Amino acid sequence: MAMGSGFNQETKTGAFFMATLLIWVFSVLWEILINKRKELFPIVLGFIFYQSTNWVIPKLLRNRDPLFVNTCVSLLHSSTTSASVLFILVNQSIISNGVNVNQMFEHSQLVEHTWPWAFTALCFSCGYFAYDQLDMLLNRLYSGWIPSILLHHFLLLICFTLALYRNVTINYLILTLICELHSVFLHLRKVRRMVGFRDCNGSIFVKAEWVLNWTSFVLARVVSHILITVKLIRDASKFDKGGVEFPLALFGMAGMNLLNTFLGIDLFKAYRREMNPQRSRQNHHD
């Protein structure tokens, strides 16, 4: 009875997030087709690109497990997005001739201006989150009444598309995507375990992977998001009074920092299991 109730609740959860995704799709298509916002078309291209990759991977790797395929696509996204963010930042610093690099992070630059390629990169990444949301819903790659991954994508799609529609805080959102550097090692570990490489004892590769995992988690995810949050709070008075930009940005960063905390706890538990496999198996049997 309890299992049936849980299944029904997950079905309702899936229906809710599917409905919100369809509303989002309608909104984006309306902006592109009716309001002639052609600059938003990379959102569609991003969705098509990652969905096509989802179809190709099973044939290339001969593995049709939906979770494995989804994780491989996520690894591709984190790799391309982190590379794009680094390219945008380096390119902007070159344009600034290395003299006014500090001006890149002034309030007006982060809120009102858009660095070259930043808008397109954000659109393309937005297309990925829409694809990933749909893939997880169709293949039921989630669990619980309020799946954190579905909620995460739902909030990102809202924040990203509102910013893209209004063409504000684009550079701020590009900075938040620095965390994708850590996601590379997060997905890489997951793929590694899925293909059967689980034993850490004596493996230099796995140990090196964990060093990079923890380093990128602290620098690219925790520190960067805290600095962005501090920057938002310090510049609160510079936002338009009565506007939605500041409360939406602050709420979004608060959610990101909270998710980072939970992710850190899960990462630590996974680290202990891999570093002490015998103890983990013993506790499991107990």
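Me: Why are helices α9 and α10 called roughly antiparallel?
Reply: The axes of α9 (residues 204–234) and α10 (residues 245–275) cross at roughly 160° and come within 10 Å. Angles over 145 degrees count as roughly antiparallel, under 35 as roughly parallel, 65 to 115 as roughly perpendicular and the rest as oblique, so α9 and α10 are roughly antiparallel to each other. By class, their contact has 19 nonpolar, six polar and two charged residues.

Me: What kind of model is this, and how are residues numbered?
Reply: It is a predicted model, where local features need pLDDT of at least 70, side-chain atom pairs count only at pLDDT 80 or more, and totals for chains, interfaces and linings use all residues. Residues are numbered from 1 along each chain as its sequence is written, and side-chain values use heavy atoms, with hydrogens and water left out.

Me: What makes the pair of Y128 and F129 edge-to-face?
Reply: Rings of Phe, Tyr and Trp (its six-membered ring) pair if their centres lie within 6.5 Å, with planes under 30 degrees apart stacked, over 60 edge-to-face and the rest tilted. The ring centres of Y128 and F129 are 5.2 Å apart and the planes stand at 65°, so this pair is edge-to-face.

Me: How do you know whether Y128 is buried or exposed?
Reply: Buried means under 20% relative accessible area, exposed over 50%, and partly exposed in between (1.4 Å probe, protein chains only). Y128 has 4%, so Y128 is buried.

Notes
Axes are lines fitted to C-alpha atoms, for helices over the stretch in contact, and angles run from 0 to 180 degrees between N-to-C directions. Helices (H or I, at least four residues) and strands (E, at least two) are DSSP runs, numbered from the N terminus. Ala, Val, Leu, Ile, Met, Phe, Trp, Tyr, Cys and Pro count as nonpolar, Asp, Glu, Lys and Arg as charged, and the others, Gly among them, as polar.
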